[in-house]
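Have the sequence and the structure open, and follow the residues as they come up.

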Amino acid sequence: MGCLSSIDEGAVGISFPFLEIPIIWIIIAIIIANTILILIAALLSNWMKNLSRRIPSILSGIILITLGVLKFLELAFEV
């Protein structure tokens with residue numbers, strides 16, 4: 001994976017001079033793109049962490065309610 005990444009980055013680095021864009025704009029674009037991607041990854045990570053904290057409590061509540069209703073139905077309609 002590291003070799004493929006290096007080859008890809010090398011190809012992109014070689015193609016920059018052909019774009020005829022000042023290097024400072026390329027650096028700024030890369031910094032902005034990386035910052036946005038890292039921000040999105042951090043927000044998604046935080047959201048997933050909060051979601052994983054809530055799911056077990058919600059799921060256990062649903063299971064307990066279901067068991068209670070089933071037990072009530074079993075006792076109420078005992079044949």
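Ser-15 sits in helix 1, which covers residues 2-19. The model you are looking at is predicted, so please read the values below as computed from that prediction. Asn-50, by contrast in numbering, belongs to helix 2, and helix 2 takes in residues 23-76.

**Distances along the chain and in space**

- Ser-15 lies 46 Å from Arg-53, C-alpha to C-alpha, and 38 residues separate the pair in sequence.
- For Asn-50 and Ile-14, the C-alpha to C-alpha distance is 43 Å, with a sequence separation of 36 residues.

**The salt bridge**

- How many salt bridges does the structure hold? There is one.
- Its partners are Glu-74 and Lys-71, whose side chains meet with an N to O distance of 3.8 Å, inside the 4 Å cut-off for a salt bridge.
- Why are Glu-74 and Lys-71 separated by about one helical turn? Both residues belong to helix 2 and are three residues apart, which means a separation of about one turn of that helix.

Methods
Residues are numbered from 1 along each chain as its sequence is written. This is a predicted model: local features need pLDDT of at least 70, side-chain atom pairs count only at pLDDT 80 or more; totals for chains, interfaces and linings use all residues. Side-chain values use heavy atoms; hydrogens and water are left out. Helices (H or I, at least four residues) and strands (E, at least two) are DSSP runs, numbered from the N terminus.
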